[in-house]
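Please open the structure in your viewer and keep the selection tool at hand. The tour goes from one selection to the next and says what is found at each stop.

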Amino acid sequence: MLQKINAVNKVLDAVVPLRNPTKIHEAMRYSFLSGGKRICSIVCIAFVDGNESIAMPSACALEMVHAACLMHDYLSCTDSDDLRRWKPSNHKVFGEYVIVLAGCALVTCAFEHIVTTIVGVKLEKILRVIGELARLIGLEGVVVGQVDDLESGGQDQSDMGFEKLEYIHFHKTTAALEASAIAGAMLEKKSVAITCMT
Amino acid sequence: MVFSTVITSSPQLHFPKTSFPIIQRAIRTCSASLSTTPQRISTSQFDLKTYWTTLIQEINHKLDEAIPVQYPQQIYEAMRYSVLAKGAKRSPPVMCVAACELFGGNRLAAFPTACALEMVHAASLIHDDLPCMDDDPSRRGQPSNHTMFGVDMAILAGDALFPLGFRHIVSHTPTDLVPQTRLLKVIAEIARAVGSTGMAAGQFLDLEGGLNGVDFVQEKKYGEMGECSAVCGGLLAGASDEEIQRLRRYGRAVGVLYQVVNDMLEVKTDKEINDKKKNKSKSYVAAYGVDKAMEVAEDLRAQAKKELDGLEEYGEKVVPLYSFVDYAADRGFSVGDQAQ
């Protein structure tokens with residue numbers, strides 16, 4: 001597993017090199033190169049029978065969008081976290097406007113990366129992966145989880161009700177893993193019945 | 001350029017090198033000579049207003065369907081508020097459709113991408129207006145998204161619109177009209193245009209201030225969307241690499257032209273607003289003054305039309321794109337005032 005993580009890190013380092021404008025790219029790199037368990041990418045690779053070459057573009061894209069979601073999640077107007085993994089959060093280092101732009105740039109970079117680097121996969125499958133990724137980081141996944149979290153305000157989790165809590169965590173957190181598994185399963189050469197994780 | 005349904009021999013789809021032409025612009029001290037204007041198809045009989053407003057209605061309808069209100073309501077309302085805002089001219093989607101039809105494409109093939117362009121455009125405007133960015137409390141005379149829904153919801157609305165655009169392209173483009181290779185190129189093109197070396201870069205450089213040239217900032221902030229819209233239309237219709245490069249330069253010139261003229265029109269309004277804009281953003285008017293901005297505008301008009309001159313084999317199908325250029329420069333009528 002460590003080998004896979006290192007491979008993912010190596011590709012990520014190359015996918016978003018430092019280029020102009022430097023500050024945006026530094027902010028993008030700060031998020032996904034500052035440690036991380038790489039669960040999304042490992043799950044994706046695992047579902048392609050460990051076939052790194054096929055899975056890697058999608059695996060890296062998943063890490064990028066995951067990092068982007070966290071960047072915006074930690075902004076002062078949303079979850080307002082100044083530290084992440086005991087390091088200053090991205091917006092504390094680079095400023096809020098850079099993070100708004102860098103987060104969106106990471107998402108678009110992820111989609112561009114899938115389209116331009118994926119190898120040995122039918123075009124139809126690539127499009128399905130794109131569609132699933134878009135679905136699960138957007139209005140059927142991370143974003144709506146974050147909306148519900150915000151609308152709960154400062155409500156204590158014990159007062160929230162199980163269904164509400166489950167909705168938030170499923171969409172904020174589990175959706176990313178679901179996307180990873182589905183992307184991997186879609187890329188797998190064998191036909192696989194894909195059902196939503198619950 | 002040969003594609004198979006399973007990519008084996010080529011490591012990746014062939015994406016022609018997208019050089020980023022610096023629009024050659026001479027700040028001249030005299031008016032441009034018209035003596036070298038080539039014979040062009042006449043646009044005087046073309047009713048651009050009807051063409052444009054008809055398309056706006058179709059696109060509005062499809063956007064309304066693409067973002068239905070459901071749980072959690074507030075995010076959908078925030079997205080719809082910006083995407084379906086009154087006064088939107090729908091320039092990116094209309095340019096996309098026109099470019100697609102120029103090369104013989106069916107507009108039904110273009111509508112999902114056209115809608116996606118509008119979603120992405122709206123997303124970038126929502127984020128641009130945020131207090132941490134341009135800090136605009138209003139847009140098109142109405143409260144900005146964050147003024148209505150709060151900063152956090154506005155950020156999320158923008159975040160949701162980007163992937164929704166990509167998803168809409170994948171899920172709604174008729175596969176019998178557009179081969180999958182072209183769809184992938186469209187997605188790559190939009191991702192590039194909006195990303196860290198495209199519009200995001202333009203907005204960042206605009207906010208940073210400093211020595212960044214107004215030309216570069218304007219090309220990134222406004223030229224990219226025009227370029228992307230025209231190119232996407234061409235990609236959908238299967239235009240050649242050379243034709244795509246022409247569309248790229250055309251779209252970029254029109255995008256910047258539109259903004260240069262906007263800046264000039266704003267000079268006529270409240271001085272306080274002008275001072276605020278002068279201090280915050282880069283514009284040709286602020287950098288060079290109105291007279292030289294007018295020369296820049298005419299130069300861009302000529303450049304855009306010159307790119308279309310190379311597409312004369314398409315006859316009258318190129319007329320809408322010619323007309324857009326004149327509209328961008330002259331603003332002969334109002335569009336985008338349609339009721340939703």
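## First stop: a serine and its contacts

Begin by selecting Ser180(A), which touches Cys40(A), Val43(A), Cys44(A) and Leu62(A) when residues up to four places away in sequence are not counted; a contact here means heavy atoms within 4.5 Å. Ser180(A) belongs to helix H9 of chain A, residues 162-187, where helices (H or I, at least four residues) and strands (E, at least two) are DSSP runs numbered from the N terminus. With a relative accessible area of 0%, Ser180(A) is buried, a word that stands for under 20% relative accessible area, as against exposed for over 50% and partly exposed in between, with a 1.4 Å probe and protein chains only.

This is a predicted model, in which local features need pLDDT of at least 70 and side-chain atom pairs count only at pLDDT 80 or more, while totals for chains, interfaces and linings use all residues. Residues are numbered from 1 along each chain as its sequence is written, chains are lettered from A and ligands numbered from 1 in the order in which they are written, and side-chain values use heavy atoms, with hydrogens and water left out.

## Chain A as a whole

Now colour chain A by secondary structure, which comes to nine helices and two strands, and follow the elements from the N terminus in the order α-α-α-α-β-β-α-α-α-α-α. Of its 198 residues, 56% count as buried, and among contacts between residues at least 6 apart in sequence, 66% join residues at least 24 apart.

## Aromatic pairs

Select Tyr30(A) and Phe94(A), whose ring centres are 5.6 Å apart and whose planes stand at 75 degrees, so the pair is edge-to-face. Because Tyr30(A) lies in helix H2 (residues 22-32) of chain A and Phe94(A) in helix H5 (residues 90-94) of chain A, the pair ties together parts that are 64 residues apart in sequence. Phe94(A) counts as buried, at 11% relative accessibility.

Moving to chain B, select Trp52(B), Tyr258(B), Phe324(B), Tyr327(B) and Phe333(B), which ring pairs link into a cluster.

## Helix H8 of chain B

In chain B, which has 14 helices and two strands, select helix H8, residues 199-208: eight of its 10 residues are buried, so the helix is largely enclosed by the rest of the structure. Among the buried residues of H8(B) are Met199(B), Phe204(B) and Asp206(B). Gly209(B), with a positive phi near 75 degrees, follows H8(B).

## Last stop: confidence

Finally, colour chain B by pLDDT, the predictor's confidence in each residue from 0 to 100; the mean for chain B is 85, and 82% of its residues reach 70 or more. Over residues 1-12 of chain B the pLDDT is below 50, although this stretch has 21 contacts in the model beyond near neighbours in sequence. The model scores ipTM 0.87 and pTM 0.88.

Key. Rings of Phe, Tyr and Trp (its six-membered ring) pair if their centres lie within 6.5 Å; planes under 30 degrees apart count as stacked, over 60 as edge-to-face and the rest as tilted.
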